[in-house]
Amino acid sequence: MIERQTIETDILIIGGGTAGCMAAVEARERFPQYKVTILEKAHIDRSGCLAGGMNAINAYLNKGETPESFVRYVRSDSCGLIREDLVQSMSELFEYCVKKVEKWGLPVLCDDNGDYIPRGRWNIKINGESLKPILAKAARSAKAKVYNWIVVTNLLTEGDRVVGAVGFSLRNGKFYVVRAKAVLIATGGAAGLYRPNNAGDASHKTWYSPYNTGAGYAMGIRAGAEMTSYEMRYVAIRTKDAIAPTGTIALGAGAPQVNSKGERFMVTRYADIGGDGAPTPYRAHGPIQEIKEGRGPVYLDTRGITPEKVTDLKKAYLDMYPSQVLYWLANDIDPGKEPVEIQTTEPYIVGGHCQAGYWVDNERRTTLKGLYAAGDVAGGAPFKFVSGCWSEGVIAARTMGKDLSQEGLAQMEATSVPESQVDQEETRAFYPFKNHEQGKFGVQAAELESRLQKIMEQYAGGASTHYEMNEEMLKIARKKLSTLPGEIDDLVAADLHQLMKAHEVIDRIDVAQVLVEHMAYRRETRWPTYHTRTDYPERDDANWLKFVNSVKNTKSGEIEMMTRPYEQMVSGDRYQPGKKPGS
Amino acid sequence: MPVWIDPDICNGCNNSRQPPCLRMCPGDLIVKDHSTNKAQLKYPEDCWDCLPCVKACPIEAIEFHLSYQFGSRGAKLQPRIHKGRDFITWDAEDIKGKKESFTIRTKVMKIALDETIEDGSEGLDFSI
Ligand SMILES: Cc1cc2nc3c(=O)[nH]c(=O)nc-3n(C[C@H](O)[C@H](O)[C@H](O)COP(=O)(O)OP(=O)(O)OC[C@H]3O[C@@H](n4cnc5c(N)ncnc54)[C@H](O)[C@@H]3O)c2cc1C
Ligand code: SF4
Ligand code: SF4
């Protein structure tokens with residue numbers, strides 16, 4: 001018999017990460033009359049992307065920049081197609097959010113005039129080793145009620161309205177049923193859809209948090225929410241082996257990409273689209289082509305940087321990605337004398353770098369009533385990073401508060417979900433235990449994970465095919481993936497940790513199926529490497545300057561594809577990054 | 001083995017049911033064996049190398065290692081939190097034995113030795 005814990009709240013936040021913590025504070029500050037509850041699968045002090053720390057805020061309007069200049073840049077960086085309304089509204093709140101977190105204790109590096117020190121056009125430097133505990137403390141101080149170690153498995157719905165969520169505790173094994181009047185989903189993106197770069201005891205040495213497994217996307221897919229732009233995957237350029245972010249070196253030390261012959265190939269081969277400043281997908285695509293065509297390895301040329309700069313680099317990594325420094329120590333590498341080898345990662349689905357995620361309105365409402373989205377899980381607005389995730393948390397919190405007051409929901413009793421739905425969800429959450437108890441041979445989460453990753457790697461544009469794909473490959477991927485939902489029934493779990501792993505792979509399968517449909521639907525190559533269609537190798541504005549969206553039909557289970565128009569709000573050439581105003 | 005909890009140093013944070021290392025791991029990979037009063041990284045293959053466990057241990061019982069496939073053992077990198085002062089120092093040693101230290105500003109956040117979580121987790125058995 002599984003014990004049940006029922007919680008009632010006004011606002012439920014699923015995922016106490018970057019966006020979730022900020023949303024909690026904003027909601028409590030603006031609407032102190034509302035109860036705010038956070039469900040977090042780990043401990044909010046060190047969960048999600050920020051667990052290891054951060055060394056920069058990657059989206060900020062440095063002196064002279066405006067929301068419009070930001071939109072122009074992000075638009076060209078995303079090859080001419082973004083939700084300009086979303087990107088603009090998030091940029092308007094960067095300063096509000098950063099100042100707030102600075103007040104909570106985050107060291108932001110300032111010059112002698114007290115101005116933030118830029119690192120590149122849109123970034124500022126921080127000492128963010130403790131960024132996550134700082135945010136967590138703010139959320140707790142604002143009296144958001146935090147439940148740690150609750151793995152959320154599904155949304156609760158009534159008619160077309162989301163009215164809460166369910167999950168289980170990794171600590172006490174209880175089934176949690178949370179009824180809420182507004183639900184914010186902030187579970188981050190999805191890692192682990194593709195085979196990771198490293199094997200064995202380093203298989204989780206991934207760039208994106210391996211514990212963000214697409215739960216929020218999957219819950220929305222299952223509940224019939226509209227999703228956008230999954231085909232704009234994120235493939236990152238990272239340091240070889242350690243898989244650490246390279247912006248620290250490229251922006252921090254001004255190091256260009258070179259191939260094995262020392263050629264600055266971005267400048268020589270990609271001059272027409274901006275050379276070293278080419279849109280981000282091209283900066284991943286460039287090195288892949290060098291390696292593919294036999295001119296690898298590819299490096300960031302750090303040779304000749306001063307010993308002081310080397311120390312700065314190491315300190316910057318210690319604030320965010322310490323294993324990069326240990327890698328150098330263990331391999332006797334001095335980045336001032338040797339260039340830093342780089343590679344590309346397996347593809348991730350991350351709405352904060354690219355734009356895969358929930359289709360939301362400018363107030364961050366999803367297409368399901370009562371459900372809101374913020375951060376890496378929300379779509380349409382790339383270049384979010386930490387600060388954009390905060391902004392979206394703030395916007396969503398304000399909207400939830402407003403909607404609660406206007407819809408008169410605040411006065412209402414929390415909707416009572418039919419018991420039968422709750423019972424069904426309980427069975428769904430715990431069946432891998434039952435399989436185990438019954439002595440089923442079954443399938444381990446890790447086995448199913450490697451099956452999924454093998455399909456995605458080989459037929460859906462994995463690293464081993466240089467991220468390339470075509471109709472035929474995607475058809476095979478689709479067919480092979482279609483067998484997996486049946487296999488899910490055989491998952492076994494002996495303890496709560498394994499039960500979490502089982503749900504992680506279930507979620508990833510739902511996400512992978514939608515991803516493959518999106519990649520098959522967009523018949524052009526707008527974002528090379530993120531989505532390289534060898535059968536449609538060119539960008540095709542005449543037919544595809546629009547968003548590819550999908551809804552999984554909750555009755556038939558079919559993934560239905562559709563498009564949504566693009567709207568240009570900010571003037572200018574969509575393929576030009578624009579200049580700093582007045583310069 | 002990305003991080004290693006030295007059983008000779010770990011004191012289980014006394015009677016802590018959920019010591020800091022266990023609570024701060026974002027992947028739920030660390031368990032405490034209450035019979036031996038030691039913490040242990042139960043799922044090394046799932047470690048992200050993110051180090052909250054190392055930073056949280058009040059007696060520096062957790063060593064940071066690199067997966068052996070990435071390079072030889074012998075290099076060292078350990079953080080030291082300056083309590084009460086907002087700094088963290090990383091002591092580094094390369095494979096040739098050359099030492100270096102990096103002191104960086106931070107905001108030092110207090111971590112309790114144990115925590116009663118409102119979700120009713122008291123009195124449960126977290127042993128392996
Ligand atoms: C290694 C790395 C370095 C980066 N460096 C920088 C940088 O220097 N500067 C910058 O601006 N950006 C950086 N980014 C990007 C930035 O960190 C992310 O875009 C941002 O933190 C994402 O915020 P989020 O709220 O969407 O997700 P997260 O902060 O990851 O929060 C998601 C939360 O949801 C929880 N969760 C997931 N599934 C469930 C579930 N089923 N039930 C309950 N809870 C769940 C997770 O545990 C987590 O706490 C970096 C990202 C990474 C991975
Ligand atoms: S925090 Fe340190 S001393 Fe305490 S249980 Fe963990 S490893 Fe042992
Ligand atoms: S390094 Fe990170 S993932 Fe690994 S055990 Fe420590 S806290 Fe957990």
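Reader: Where is A:Pro297 found?

Author: A:Pro297 sits in the loop between α9 (280-292) and β12 (298-300) of chain A. Such labels name DSSP runs, counted from the N terminus: helices are H or I runs of at least four residues, and strands are E runs of at least two. The peptide bond that joins A:Gly296 to A:Pro297 is cis, with omega near -10 degrees.

Reader: What should I know about the model and its numbering?

Author: The model is predicted, so local features need pLDDT of at least 70 and side-chain atom pairs count only at pLDDT 80 or more, while totals for chains, interfaces and linings use all residues. Residues are numbered from 1 along each chain as its sequence is written, chains are lettered from A and ligands numbered from 1 in the order in which they are written, and side-chain values use heavy atoms, with hydrogens and water left out.

Reader: Which residue other than glycine has a positive phi?

Author: One case is A:Cys79, with phi near 55 degrees. A:Cys79 belongs to the loop between α2 (67-77) and α3 (84-91) of chain A.

Reader: How many residues surround ligand 1?

Author: A residue is counted if one of its heavy atoms lies within 4 Å of the ligand. For ligand 1 the count is 35, and the closest are A:Thr18, A:Glu40, A:Ser47, A:Ala56 and A:Asp376. By class, this shell holds 19 nonpolar, 13 polar and three charged residues. Here Ala, Val, Leu, Ile, Met, Phe, Trp, Tyr, Cys and Pro count as nonpolar, Asp, Glu, Lys and Arg as charged, and the others, Gly among them, as polar.

Reader: Which polar atoms lie 2.8 Å or 3.0 Å from atoms of ligand 1?

Author: A polar contact is a pair of N or O atoms within 3.5 Å; within protein, one must be able to donate a hydrogen and the other to accept it, and residues adjacent in sequence count only if both atoms are side-chain atoms. A polar side-chain atom of A:Ser47 is 2.8 Å from an oxygen atom of ligand 1. A backbone N or O atom of A:Val152 lies 3.0 Å from a nitrogen atom of the ligand. A polar backbone atom of A:Asp376 is 2.8 Å from an oxygen atom of ligand 1. Taken alone, ligand 1 exposes 1000 Å², and the protein buries 98% of that; the areas come from the Shrake-Rupley method with a 1.4 Å probe, and for residues only the protein chains shown count as cover. The elements that give two or more residues to the shell are α1 (18-30), β3 (54-57), β6 (150-158) and α12 (385-406) of chain A. Of these, β3(A) gives the most, with four residues.

Reader: What surrounds ligand 2?

Author: The residues are B:Ile5, B:Cys10, B:Asn11, B:Gly12, B:Cys13, B:Pro19, B:Cys21, B:Ala39, B:Cys57, B:Pro58, B:Ile59 and B:Ile62. They divide into ten nonpolar, two polar and no charged.

Reader: Between which chains does ligand 3 lie?

Author: Ligand 3 lies between chains A and B. It is surrounded by 14 residues, the closest being B:Cys25, B:Cys47, B:Cys50, B:Leu51 and B:Cys53. That shell has 13 nonpolar, no polar and one charged residues.

Reader: How many residues of chain B are in contact with chain A?

Author: Contact means heavy atoms within 4.5 Å. By that rule, 56 residues of chain B touch 63 residues of chain A. There are seven salt bridges between the two chains; each is a side-chain nitrogen of Lys or Arg within 4 Å of a carboxyl oxygen of Asp or Glu. One of them joins B:Asp46 and A:Lys501 (2.9 Å, N to O).

Reader: Which residue forms a salt bridge with A:Arg4?

Author: The partner is A:Asp423, with the closest N and O atoms 2.6 Å apart. A:Arg4 is in strand β1 (residues 4-14) and A:Asp423 in helix α13 (residues 419-437), both of chain A, so the pair ties together parts that are 419 residues apart in sequence.
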